[in-house]
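Student: Could we walk through this structure together, one question at a time?
Tutor: Gladly, let us take a look.

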Amino acid sequence: MKSEIRNQVRRLRFENGEMTQQKLADKVGVTRQTIIAIEAGKYAPSLPLAFRIARTFTLPIEKVFQYQDEYPQSPATSPDA
Amino acid sequence: MNKAQKIARFRLIVLTVAVMAIGIWTVVIMLVYHQDARVAYKVPGGKWVFFEEPTVYMALGVVFAGIVFFGLPSILLAGLLPLILFRAKQGQVAFDERDLLIDKKATLIAYQVAWFSLVAACPILICIAGGADALIPAVVFLPAVFGEAMVFLLVHSIEILLYYGGKDKKT
């Protein structure tokens with residue numbers, strides 16, 4: 001079963017000057033294998049790591065990681081509402 | 001392949017060689033020194049007797065000696081040598097949160113397997129001692145401890161390699 005956390009890491013890497021997995025890994029302090037696992041959806045990163053990745057791309061965390069909810073968010077709880 | 005995988009692979013190789021060495025040692029010793037030992041023989045009346053008690057005890061004794069002779073060096077080699085062989089380069093991240101998570105899962109499973117195998121081995125120790133009311137000779141404890149350490153390291157290494165190979169898609 002794949003992780004319920006979807007992410008845009010791969011796309012964002014390419015949009016940020018074709019950043020390599022190794023370079024991103026060095027910036028956020030993990031191994032390249034962990035970046036590969038995150039991109040493939042095999043590993044859901046911890047909250048601090050997710051924040052570090054988001055800050056590397058200078059984006060809010062929800063633009064990088066999205067939680068795939070079984071039930072759609074109600075407008076009252078949606079951050080965009 | 002990262003540091004944790006390299007260490008696991010190294011440990012798996014060392015311990016597999018040790019297990020094979022114990023097996024070869026047992027067969028050779030039994031063939032050379034206990035040629036009269038019989039695994040199965042026919043008694044008058046056409047009935048077969050398997051695993052005659054003295055043969056089993058002799059074989060277990062040889063296995064236990066093998067565990068001490070080959071098990072201890074393999075545990076030391078598998079436990080300590082990776083600390084020298086697979087040192088991280090300066091400034092390189094060698095172990096992160098995902099590696100820690102995998103290591104924790106593998107340790108938990110290895111501990112469970114080692115514990116259950118020790119419980120399963122206890123009847124053998126009692127048989128060797130000669131019954132529940134007999135004193136278990138101290139010489140039996142050392143191989144039991146080394147054997148459990150080998151089981152732990154083997155299962156731990158296999159689990160780590162399996163997790164990195166995609167056993168659990170959530171890691």
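Student: Which residue forms a salt bridge with E39(A)?
Tutor: A salt bridge here is a side-chain nitrogen of Lys or Arg within 4 Å of a carboxyl oxygen of Asp or Glu. The closest N and O atoms of the pair are 3.5 Å apart. E39(A) lies in helix 3 of chain A and its partner in helix 1 (residues 9–15), 29 residues apart; helices are DSSP runs (H or I, at least four residues), numbered from the N terminus. The partner is R10(A).

Student: How should I read the names and values?
Tutor: Residues are numbered from 1 along each chain as its sequence is written, while chains are lettered from A and ligands numbered from 1 in the order in which they are written. This is a predicted model, where local features need pLDDT of at least 70, side-chain atom pairs count only at pLDDT 80 or more, and totals for chains, interfaces and linings use all residues, and side-chain values use heavy atoms, leaving out hydrogens and water.

Student: How many salt bridges does the rule find across the interface of chain A and chain B?
Tutor: Over all chains, the structure holds three salt bridges. Across the interface of chain A and chain B, the number is zero.

Student: What area do chain A and chain B bury between them?
Tutor: Buried area is the accessible area (1.4 Å probe) that two parts lose on being put together, summed over both. In chain A, Q33(A), K42(A) and Y43(A) lose the most, together 42% of what that side buries. Carbon and sulfur atoms carry 51% of the total, which is about 1,200 Å².

Student: Which element gives the largest share of the side of chain A that touches chain B?
Tutor: The contact (heavy atoms within 4.5 Å) takes 13 residues from chain A and 13 residues from chain B. Three residues of the chain A side come from the element you ask about, helix 3 of chain A.

Notes. Helices (H or I, at least four residues) and strands (E, at least two) are DSSP runs, numbered from the N terminus.
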